[in-house]
Amino acid sequence: MKEQTEIIEQGNVEEKKKAKYDFKYIANKFGALFGLIILSITLAILSPSFLKIDNLMNIARQSSINALLSIGMLLPILTAGIDLSVGSILAFSIVVTGVVTVMWGMPPVLGIFVCLLVGALAGLLNGLLLTKLRLPHPFISTLGTMNVFRGLALIITGATPIFGFAYVINFTGQANVGFIPVSFILVIVISIIFHIFLTRTATGRYIYAIGGNKEAARLSGIPVDRVLIKVYTLSGLMAGLGGLVLIGRTNAASPIAGLTYELDAIAAVIIGGASFFGGVGTVWGTLIGAMIIAVLRNGLNLLGTSTDIQTVVIGTVIILAVYVDVLRRRSKN
Amino acid sequence: MKEQTEIIEQGNVEEKKKAKYDFKYIANKFGALFGLIILSITLAILSPSFLKIDNLMNIARQSSINALLSIGMLLPILTAGIDLSVGSILAFSIVVTGVVTVMWGMPPVLGIFVCLLVGALAGLLNGLLLTKLRLPHPFISTLGTMNVFRGLALIITGATPIFGFAYVINFTGQANVGFIPVSFILVIVISIIFHIFLTRTATGRYIYAIGGNKEAARLSGIPVDRVLIKVYTLSGLMAGLGGLVLIGRTNAASPIAGLTYELDAIAAVIIGGASFFGGVGTVWGTLIGAMIIAVLRNGLNLLGTSTDIQTVVIGTVIILAVYVDVLRRRSKN
Amino acid sequence: GSSSITNSSNEGNEKKSTEETKADNLKIGVVLMTLSSEYWKIHMAGAQDAAKELGVEIEILGPAEETLYEQQVKMVEDLISTKVNGLVVTPSLPEAMLPALQKAHDANIPVVLVDANVNEFEDRVSFIGTENYEAASKGGEYISDQLNDGDKVLIVRGQMGAKVHDERTEGFQAALESKNIEFIVQDAQSDRVKAVNIVENVLTADPDIKVVFATSDEMALGSFKGLENKDSTHIPLIGFDGTPDGLQAVVDGQMLANIAQDPYRMGYLGVESAVKAIKGESVEKRIDSGAQVYTKDNVEQRIQEIEGYLNN
Amino acid sequence: MILELKNISKSFSGVQVLHDINMEVKLGEVHVLLGENGAGKSTIIKIITGAYEKDVGELIWKGLPIEVTKPSDSIDAGIGTIYQELNLIPELSIMENIFLGHEKKTGSKISLLDRTTMKKEAKVLMERLGQNVNPDELVQNLGVGQQQLVEIAKALSLNCELIIMDEPTSSLSEREAEQLLLTIERLREQGMTIIYISHRLEEIKRISDRITILRDGHKIKTVETKSTSIDEMISLMVGRSLDNKFPKIDFKKGKEILSVKNLKLTEDSPQINFTAYQGEILGISGLVGAGRTELARAIFGADPIVSGEVYIEKEKQNIRHPIDAIKAGLAFITEDRKEEGLFLDQSLIFNKTIAMLNKVKKNGLIHPKSQRKVADKYVKDLSIRPNNVNLLTRYLSGGNQQKVVIAKWLFTDARVFIFDEPTRGIDVGAKVEVYNLMNYLIENGAGVIVISSELPEILGISDRILVMSEGKITADLSRNEADQEVIMKAATGG
Ligand SMILES: Nc1ncnc2c1ncn2[C@@H]1O[C@H](COP(=O)(O)OP(=O)(O)OP(=O)(O)O)[C@@H](O)[C@H]1O
Ligand SMILES: Nc1ncnc2c1ncn2[C@@H]1O[C@H](COP(=O)(O)OP(=O)(O)OP(=O)(O)O)[C@@H](O)[C@H]1O
Ligand SMILES: [Mg+2]
Ligand SMILES: [Mg+2]
């Protein structure tokens, strides 16, 4: 963990030093890629379909929802928190969108806005619960709202999925530019925005500070509560955005959408090198974590692995991916 | 958080101090009960069946599996870790028990032993992965093994539940002594053992020490890795024991048993006042946390609440239960 | 299924199969709702047997849980990438599958839908199955005689919002509509222990429950334990799925009846129809694989059938 | 010879911090390691105790080579250590911390903890250090000073043959330090060997037999204390002599800058009144637990207050949170750098600028180049070592970490600076740099308040001295009135 941030910090190191440590520098900078590359090579050898453009676009498309949720999840984890409610927020946002557009006939463009807004508001609630009630850990507030939002999604819809979304709403999750899925482009754009946000804005740096040492952050005059509220709001917003992509992918808004998605998102963040204890983690690492999960699922499907074996393999690879990273860092010292 | 341990420590404080703070002392000592009591009173008013002996025994019986898993879960959480694999370990233990007793005809008494042993070994694996691979956080190792053990359970059984267990195996989960369920007695006995273990043995205190400050624990010569291995082994053992009760409750060993049980167990531990950052938490608090969850589910069933509303209520109560505790502690200061 | 219309995309596929693949080198992709339950294992056995008999290669995928409908979509997409010659899909959220199915169609891959239909997907080769709704209502009809106006019935169901359980619940309720029954519906999330708990709790509050219906055998078997714990095994219990354990429970008198579709047959017919479509043979657009309420009277025979399926 | 170090070298991430160290510790002596911040003292200690693994070299313990790979190895061999950074478990009691890792057990088969015996012994140990405490008190409720004493009690409870103390007095006030020195002298009389690290040269002179001096990871030499003057020590460790340990500029008392009126921290605590002026350094002295830190925290809005007002430049401030305090122009350099000051997993740049990111922005975004520039400047001004601004602060030596905390607050352009134990763990040379910085601040019209437990420091740098005892201000002394005796008298309650 620690070494990684160090490396990130060393992004600005003098040129001559960079040259000296050139290989190491690159190897470490792109270290989180190691697992992904090894995995990809293995799959390319095992399955002839893996490297086809068509399949690579599958992966791009399939990774996008988890990638968006993971980028959102990175924020709470950076503050040494967690957001268990993202799957439920996703479901809640999309069914509300379904109700207002499909059932009430609101213009689809506004529907997009609603989907994001509901996500953000749900996240805001998480943030307010955590900070205003002074709950000891967001595990509680978000475990609670995970149930609440799921329940609300079921109640609103009478447990029935909603279909028949307009193309405008489906666009993000469905369309391609050339052969590249719009959802993947979205992921890249969001990643860049979040990267800048986290590394180049005060709030972004505060997020790291809070995760690194909450008391020191408070004493340094950082508005801890306000930053935390932003963090959970953004996490909710990303869940809403993930929901938008899901609508497009499935042309449906089901109240049981997103079940267990929080686990995949957390896994991506951690595989990507973030620390549960806060203060350490990057957008790029998270993105690679999400790709590892997507590539793995895709590859196992291509190979026709049966579910039970898939489950075992996925479990093993999660551990291995992190272990590769541990080894890499240890060898560095 | 902190205050709670403090109270326990003050168990041995001089008499005169105890006398002075008598009311406060008691109010705080049994503080985690507050939420439970409020909840119970509410339910007793709403449902005439709630306070019937018969129903109380329902609750005793229904809480027992989660209580056992939660007591196991308390240990990793005390070390600032987590064990996501308990549900899968439970499933894995019971299907192995099913295979060896029902299918291979091993004597049932040995079957009990196998169930516990498999649980403990699975937990041992978690501990070894965490410490020997130097994984940064047990979230990874146990998320991995959560998948692995579930997959193995499915592979072993071909996804078919095993049934027809001997009475000896079913006994713990099924039988009553008088009108009290054996499983509940088991929970009480286990609680006492774990309480003594955690408060009165060196290993028990090391668990708190590791959670409080891992580096300090290491520098004090505490065999951190060995303690962690014990912690996860015990957590696995308790999952095996929970599985034994589950076999008796359902007379079957299904490979999909125990899905999402880890969330209930974690919730119980946290509602019971433990801290995610380690070092703080008690067996009694955990037990009360498990009771709150069981009482809530039972009450909502009694009231015939529809599922979607149940979900919302459960979510809300989880938050409230912890909030009541926060308020109590704040008023104390 | 009443009409027998020849598959419209036949010709296209025929060309493709003669060009690119030899008839005996076909690969069929099957995507089930999940692979981790007994019901779907039986389904899988049917599909595998069909593949073996027809000499085609088969790849069977399914998510870890029925609720993970988006993963099913991914599996269909991935199978399209591997260039399967035909697809058999049992969509757990049918409408969500539409874009992926369209993609398959665009890639000239014939699609057979099994167990749950996607109404909007006109280009399907066939829909094979019994609607869960109808099957469940058969169960309701069966028990209808034993219920009086205003009686209470407990339904122990799987995850709310999961289409299969929604339909089973609704179908059962619909069949008893005229009786003015008070339904207590509780969600046990397909977990056996939760079913035990629910039955215990509901019977404590409402000892005068007249019938218990569980929307899967896993929960039905749990429900029986609950009844047993409350000394209420006299209350008739109806299960759903017709798994071996569920049928055995009927033999043992633990369940009064078990509603069973024929997963083995569905699996078999699905693959068979897909192969036919690839070869350009005609397939009925709608094949009813049947559903049956099994009671003490007819269960033994069914058990033998199932054993036959699973042991060959 | 009880312990010999032979050819010990150690590097971190390719940077060598110890170069071929050879050193001998005689049985029954007090052996001091002396060197500037970052010289490698703590690293040597950690290699001896097994907290770090050495790259090359050999340890000889009582004539035999010994393999130390983990802390329990050294503990088992009979080496007790007090590390520079506190290593206590906040959630455990004093007694549990003291006996952590070597608990007393009841004789019975299941071997439960023998709490009664441990409690008794813990009480005795703490009393020996002049502390009358309840052994069941949780460590998190103790001030830093008391925590340090718990650490010492913990080492003493080990019954070891060698005790290593890495800056044990840095967080102690004069009185506790005195207690500790007496304890050390008593231990030496009983034949105990002690390795001792400190930046307080007077106490080194007083208690040690021999001194090994380090510079930049090299051993310079080992000298007899008797034949070495303090000035010699300084020039050996810094490589030059230091003419003035307490550089003091002329005091021109200016306007009132900070004024505290009728401040009550709790319902039944006394009211506090005092005023600080531009152009002066106001020292606050007192014993451990006198309430100085609490006062500073309350002024800064870090803890709630019951009543009272704070004025800055005669303007009434409503400070409820550190944010308000910073806006009002206050800076608070906390005493506990690890818990309250530093972001250990972040670089020096991050730590340096986090409290005032607006100053390094360009077009609304943080501008890494400007960040780097200011960081480089302070690295030079405070001679922080190593001068790699991208290194995680976790890997800096204790004294250098302290400098980073100070640098963070200097960057905020505050008008009033409250330093709580600012030179804790800082070497003599760097101390002078910190004092010069304070002088620079008052020259530019800022108010400077310094809380310090080190009497020579308080006496050397303050223009005026407040003394606190049990939460009250018991004396307000001008520079001329103040001496050790007067202060000690006020500190012990008059
Ligand atoms: N874990 C580590 N990783 C990288 N560098 C380290 C590590 N620990 C120490 N260092 C470096 O080693 C050098 C020596 O540090 P050490 O802590 O031994 O100094 P010290 O003499 O004890 O100083 P002080 O008086 O400030 O405590 C410093 O430059 C420090 O930055
Ligand atoms: N978090 C806390 N909880 C309870 N008591 C505390 C806490 N922090 C400090 N105290 C107590 O409050 C009193 C004043 O402590 P404070 O830290 O302000 O003293 P100080 O003069 O700064 O001394 P020190 O050198 O120990 O910092 C002491 O008796 C101390 O034990
Ligand atoms: Mg040091
Ligand atoms: Mg202080």
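We'll look at aromatic rings, then charges over rings, then metal sites.

Before clicking, note that this is a predicted model, where local features need pLDDT of at least 70, side-chain atom pairs count only at pLDDT 80 or more, and totals for chains, interfaces and linings use all residues. Residues are numbered from 1 along each chain as its sequence is written, chains are lettered from A and ligands numbered from 1 in the order in which they are written, and side-chain values use heavy atoms, with hydrogens and water left out.

**Stop 1: aromatic rings**

How many aromatic pairs does the structure hold over all chains? There are 17. Rings of Phe, Tyr and Trp (its six-membered ring) pair if their centres lie within 6.5 Å; planes under 30 degrees apart are stacked, over 60 edge-to-face, and the rest tilted.

Select B:F194 and B:F197: they make an edge-to-face pair, 6.2 Å centre to centre with 75° between the planes. Both sit in helix α10 (residues 182–200) of chain B, three residues apart, about one turn of the helix. (Helices are DSSP runs of H or I, at least four residues; strands are runs of E, at least two; both are numbered from the N terminus.) B:F194 is buried at 6% relative accessible area, and B:F197 is buried at 19%. Buried means under 20% relative accessible area, exposed over 50%, and partly exposed in between, using a 1.4 Å probe and protein chains only.

Next, pick C:Y39 and C:W40, another edge-to-face pair, at 5.1 Å centre to centre and 85° between the planes. C:Y39 is buried at 3%, and C:W40 is buried at 2%.

Still in chain C, highlight C:F172, C:F213 and C:F240, which form one aromatic cluster.

**Stop 2: charges over rings**

A charge sits over a ring if NZ of Lys or CZ of Arg is within 6 Å of the ring centre and within 35 degrees of the ring normal. Select A:R205, which lies over the face of A:Y208, 5.0 Å from the ring centre. Then jump to D:K261: its charged end sits over the ring of D:Y311, 4.4 Å from the centre.

**Stop 3: magnesium**

Which protein donors does the magnesium ion (ligand 4) have? They're D:T293 (OG1) and D:E335 (OE), 1.9 to 2.6 Å away. Donors are N, O and S atoms within 2.8 Å of the metal (3.2 Å for Na, K and Ca); water is not among the atoms, so sites may look incomplete.
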